[in-house]
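Visitor: Hi, could we walk through this one together?
Guide: Happy to, here it comes.
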Amino acid sequence: MHQQRKAGKWKLGAVLLLIAGGGLLSCRENAIKDLSPADSPVYITNYDRSVNFGQYKTFSLPDSVIIESNDSYATSQTPLSSRFVTNVANALTAKGFQRVNRGDNADLGVAIIQVNNQYTGVASNPYSYYSGYWGGFGGLGGYGYSPYYPSYYTYQVTDQYWEVQIVDLKNRPTAGTGTSTGQPQLNVIYDATIRGADVTDQQAVDNAITAIFNQSPYLKASE
């Protein structure tokens with residue numbers, strides 16, 4: 001699946017912290033139940049169509065992965081996350097970009113993010129009194145009735161996926177411009193999202209990185 005859109009922006013402070021340190025619809029209850037592990041992932045790539053990627057030569061990529069959980073951030077350096085970093089670095093190098101050492105100037109900033117958001121809510125069941133009503137109807141012996149006391153329940157939604165984002169460091173705005181607060185912003189010029197089945201082993205990482213860069217032919221340095 002390939003989508004194209006105008007990329008958003010990141011606040012400079014958040015992006016520098018990272019550097020330093022859709023879909024398929026189905027009426028079935030479980031749309032991916034009968035899919036094999038190789039078929040269930042969904043790869044979504046987006047990029048800024050106004051950008052000429054040939055103008056960039058170098059990129060900066062931290063050795064760790066960013067873990068995002070409900071607007072809190074941490075870093076991870078497990079064998080799985082290291083595999084992500086290695087594969088993304090190799091893919092960008094194969095496309096003509098050169099990785100620079102930490103702290104050196106780069107044209108592009110690359111972040112690998114593992115999103116694990118959980119949301120909890122409270123809802124009411126407006127038809128809870130029907131159970132008493134219909135319970136007294138059995139055998140046509142009369143109508144039962146229960147006063148209306150709405151029931152409440154909690155629910156939790158989990159949103160898990162992986163993301164690769166690339167920001168423009170070469171054309172970064174000067175300090176004092178970009179927002180009403182004067183904090184500069186950097187353009188996110190490329191974004192790739194891996195959804196569907198969770199990425200739990202190195203083979204899944206290899207398949208995912210190969211897929212997202214294969215469907216991003218525009219992402220290459222000039223020769």
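Guide: Let's start with Asp206, which counts as buried at 19% relative accessibility (buried means under 20% relative accessible area, exposed over 50%, partly exposed in between, with a 1.4 Å probe and protein chains only).

Visitor: Which side chain does Asp206 meet in a salt bridge?
Guide: Arg83, at 2.7 Å from N to O; a salt bridge here is a side-chain nitrogen of Lys or Arg within 4 Å of a carboxyl oxygen of Asp or Glu. Asp206 lies in helix H4 (residues 202–214) and Arg83 in helix H2 (residues 79–94), so the pair ties together parts 123 residues apart in sequence. Helices (H or I, at least four residues) and strands (E, at least two) are DSSP runs, numbered from the N terminus.

Visitor: Is Arg83 buried or partly exposed?
Guide: Partly exposed, with a relative accessible area of 29%.

Visitor: What should I know about the model itself?
Guide: This is a predicted model, where local features need pLDDT of at least 70 and side-chain atom pairs count only at pLDDT 80 or more, while totals for chains, interfaces and linings use all residues. Residues are numbered from 1 along each chain as its sequence is written, and side-chain values use heavy atoms, leaving out hydrogens and water.

Visitor: How many salt bridges does the count come to?
Guide: The count is 2. Arg99 also forms one with Asp63, the closest N and O atoms being 3.0 Å apart.

Visitor: New topic: how do E4 and E5 pair?
Guide: Strand E4 (residues 65–69) and strand E5 (residues 72–76) are antiparallel over 5 bridges; pairing requires that DSSP finds at least two bridges between the strands. In their hairpin, with 2 residues between the strands, Asn70 takes a positive phi near 50°.
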